[in-house]
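Trainee: I've got a protein open on my screen and I'd like to learn how to read it. Could we go through it together?

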Amino acid sequence: MRNKLRIIPLGGVGEIGKNMTVFEYGEDILIVDCGLIFPDEAMPGIDVVIPDMTYLEQHADRIRGMCITHGHEDHIGAIPYAMEKFRCPIYGTRFTNALIRHKLEEHHISGVTVTDVAPKETVKLGCFSVEFIKTGHSIAGAVALAIRTPIGPVIHTGDFKIDLTPIDGEPIDINRFAYYGSRGVLALLSDSTNVEHAGYTQSEKEIGETFDRCFDKAQGRVIVASFASNVYRLQQVADVAIAHGRVVCFQGRSMEQIVKIAQELGYMHIPADKIVRVEQLKNIPDNMVCVMTTGSQGEPMSGLYRMANDTHKLNVGAGDTVIISASAIPGNERGVARVINALYEKGADVVYDRKADVHVSGHACAGELKLMLGITKPKYFIPVHGEARHLKMHADLAKELGVSPERTFVAHNGAVIELTARKGEMKETVPAGSVMVDGLIGVEDVVLKDRKTLSVDGLVAALVLLDAETGRLLAPVEIYSRGFISMKDNDTLINRASELVYEQAKRFESADKGEYAAIKNSVKSKLKSFLYSETGRTPMILPIVIEV
C-alpha cells in the first residue's frame with residue numbers, strides 16, 4: 001500500500017444519491033460524505049437506503065475523519081447509521097454541521113465530534129490535508145474539497161454549479177480551483193448529475209422575476225412548494241411575498257426545522273411579525289397569505305400532497321395559486337404529476353417548471369463541467385454523482401478536453417481505483433451495495449422479496465391441529481387467505497385446498513417431531529402447486545402446526 005492512493009466509492013456512482021467516497025493512503029482513511037436515498041415503490045416498508053459500510057467497519061481504527069461537502073440528505077442522511085457502527089470526527093461548514101447535529105440528536109447519538117470549517121480553511125487528518133473551497137449549490141454552505149495526499153492533490157467537487165450572481169453574494173471560488181490546476185491536480189472527482197444538459201445553469205437570481213409576476217397576478221393565497229433545504233429559494237420567496245403585502249407561513253416539519261436553523265445562523269432574515277402560524281391564517285385575508293411547504297416531489301406524507309388531498313389544515317381550493325419550485329428528481333415524475341392533477345381538480349392555478357421559470361438546478365450543466373475540467377487540468381478523472389449514462393457522458397466530455405480514456409475511471413460502487421504518481425488502475429472490489437433500513441434495523445433482500453410477494457399475490461395460511469400426545473389430526477385443516485382471494489366467494493377452492501393439505505398432514509401422525517419441518521415443506525410445495533394450477537398465482541404459503 002506504500003505510495004499508493006486508493007479511492008473507493010461506496011455510493012453515488014451508477015446512481016443518484018447515497019454518496020460516500022473513501023480515500024485511503026497507507027494506514028489512513030478519509031471519508032467524504034455519508035448519504036442516503038429514499039426507497040422507491042419496489043421497496044415496500046423501507047424507510048431509507050444507506051451504503052454498505054462493511055469495509056469501513058473492518059478498518060474503523062484507520063479512519064481519521066469524515067468531511068462533508070454539503071447538507072443534503074444524499075450526502076449526510078446516513079451519518080447517524082455510520083456513527084452507530086464507528087466513531088470518527090466530522091468536518092463541515094456551519095450550516096451543514098447544524099443539520100448534522102440536529103440529525104444526531106434525533107437519533108439519540110452523542111459523543112461525536114462535529115467541527116465547523118470555513119471555506120479556505122484546512123484540516124489535517126492523518127496524511128491528508130483537506131482544504132474547503134466555496135462552491136455554489138441549492139443549499140447554503142456547499143463546498144468542494146481539495147485533498148492533499150503524499151502523491152498529489154485530489155479535487156472532489158461535491159454537488160456544484162458555477163453561479164456568478166448567487167443569492168448570498170458569494171460566488172464559487174474559481175481562483176482556488178485554478179490555483180490547484182496551475183500546480184498539478186492528481187485526480188478530479190466531479191458532479192455528473194446535469195451532464196445531459198448543454199450550456200450553463202441559470203443563476204438563482206433569474207427566477208426572482210417569475211415569482212414577482214406570479215404574486216402580482218394571484219388573487220387568493222399563494223402556496224409555494226420547494227425543497228426545505230434550499231434556504232436561498234425560501235428567502236427569495238419570502239422577500240417577494242412581503243413586498244406584495246403578504247405574511248409567510250411555513251408548513252412541513254423539515255421546513256420548519258431548517259428555517260429555524262437558517263435564521264439562527266443568519267442565512268435567512270425574515271421579520272418576526274411577517275411569520276405566522278397556521279392557526280392564525282383564518283383571521284388573515286387570502287390575498288395577504290403566502291404558504292411555503294414541503295412536497296415538491298409528490299411525497300405522500302408531505303404538506304402539499306395532503307393539501308391537495310383534503311387531509312391538511314390548509315386544503316387547496318379555487319382561487320389559490322400553487323407554485324412548485326422544483327423539478328422532479330428522476331423516479332418521482334409520476335408522484336409529482338399526481339399532485340399537479342389533484343391541484344387542478346381542486347380549482348387551483350398551478351405553476352411548475354414546464355410552464356414557467358420557477359426553478360433552477362443546483363447542478364452544473366455540460367458547459368460548467370468542461371470549465372471545471374479545463375481549470376483543474378487533472379491527470380486522472382473520476383466522474384461521480386450520477387447514473388451510468390451520466391458517468392459515461394461526463395467521461396466523454398473529459399476526452400474532448402484531452403483527458404486520456406486510460407486515465408478516466410467510470411467506476412461502480414465498491415471499485416478500488418489505485419493511483420500512484422506514475423499510473424492508475426481500477427482493481428479489485430470491496431464490499432459495497434445498499435442496506436435497506438426499516439425502523440431501526442437493516443432489512444435483507446429475502447425480507448424485501450417476501451414483502452413484494454405479499455403485496456402482489458397475498459398470503460395463504462394452512463392451520464393443522466395435532467394432539468400433543470398421540471400426534472393425531474384433531475380437525476379438518478383450516479385455510480385462511482389474506483390478499484389472495486376472497487374466502488367468501490371461493491368456497492369450493494378453499495375446501496379443495498383444505499382436503500389436499502389434510503391428506504399431506506396425515507403424515508404427521510406417524511412421524512417423529514424431527515420430521516415435522518420436512519412435512520411442512522411438503523405441504524407448502526403441494527399447496528403452492530395446486531393454487532398455481534387453479535389461479536395462475538403464487539401466494540406466500542404459511543403452514544402452521546399447533547399441538548394441543
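Trainee: Which residues lie nearest the centre of the second largest pocket?
Mentor: First, the term: on a 1 Å grid over the protein atoms alone, a pocket is an open set of points with protein on both sides within 12 Å along at least five of seven lines, while a cavity is a set of points where a 1.4 Å probe fits but cannot get out; lining residues have an atom within 4 Å of a point. For the second largest pocket that lining comes to 18 residues. Nearest its centre are Gly 141, Asp 168, Glu 170, Tyr 232 and Tyr 267.

Trainee: Before we go on, what sort of model is this, and how are residues numbered?
Mentor: It's a predicted model, in which local features need pLDDT of at least 70 and side-chain atom pairs count only at pLDDT 80 or more, while totals for chains, interfaces and linings use all residues. Side-chain values use heavy atoms, with hydrogens and water left out, and residues are numbered from 1 along each chain as its sequence is written.

Trainee: How do the residues lining the second largest pocket divide, and what is the pocket's volume?
Mentor: Ala, Val, Leu, Ile, Met, Phe, Trp, Tyr, Cys and Pro count as nonpolar, Asp, Glu, Lys and Arg as charged, and the others, Gly among them, as polar. Here that gives eight nonpolar, five polar and five charged. For volume, grid points are joined across faces, edges and corners, and you take the space filled by probe spheres set on the points. The second largest pocket comes out at about 360 Å³.

Trainee: What volume does the largest cavity have?
Mentor: The search of the whole structure finds three cavities of 30 Å³ or more. The largest has 15 lining residues, with Gly 136, His 137, Pro 166, Asp 168 and Tyr 232 closest to its centre. Its lining divides into six nonpolar, four polar and five charged. The volume is about 130 Å³.

Trainee: How many helices and strands does the protein have?
Mentor: Helices (H or I, at least four residues) and strands (E, at least two) are DSSP runs, numbered from the N terminus. Along its principal axes, the C-alpha trace spans about 85 × 70 × 45 Å. The secondary structure comes to 15 helices and 25 strands.

Trainee: Is Glu 418 buried or exposed, and which side chain does it join in a polar contact?
Mentor: Glu 418 sits in strand β19, residues 415-419. Buried means under 20% relative accessible area, exposed over 50%, and partly exposed in between (1.4 Å probe, protein chains only), so Glu 418 at 5% is buried. A polar contact is a pair of N or O atoms within 3.5 Å; within protein, one must be able to donate a hydrogen and the other to accept it, and residues adjacent in sequence count only if both atoms are side-chain atoms. At 3.4 Å, the partner side chain is that of Lys 4.

Trainee: Which backbone oxygen lies 2.7 Å from the side chain of Thr 201?
Mentor: Thr 201 is in the loop between β12 (185-191) and α6 (208-217), and its relative accessible area of 13% makes it buried. Contact means heavy atoms within 4.5 Å; leaving out residues up to four places away in sequence, Thr 201 touches several residues, including Lys 161, Asn 194 and Glu 368. The oxygen 2.7 Å from a polar atom of its side chain belongs to His 363.

Trainee: How many disulfides are there?
Mentor: A disulfide is a pair of cysteine sulfur atoms within 2.5 Å. By this rule the count comes to zero. Take Cys 214: its nearest cysteine sulfur, that of Cys 290, is 11 Å away. For Cys 249, the nearest is also that of Cys 290, 9.2 Å away, and the disulfide total is zero.

Trainee: What is the phi of His 108, and is that residue buried or exposed?
Mentor: His 108 is found in the loop between α4 (94-106) and β7 (114-116). Its phi is positive, about 60 degrees, although it is not a glycine. With 74% relative accessibility, His 108 counts as exposed.
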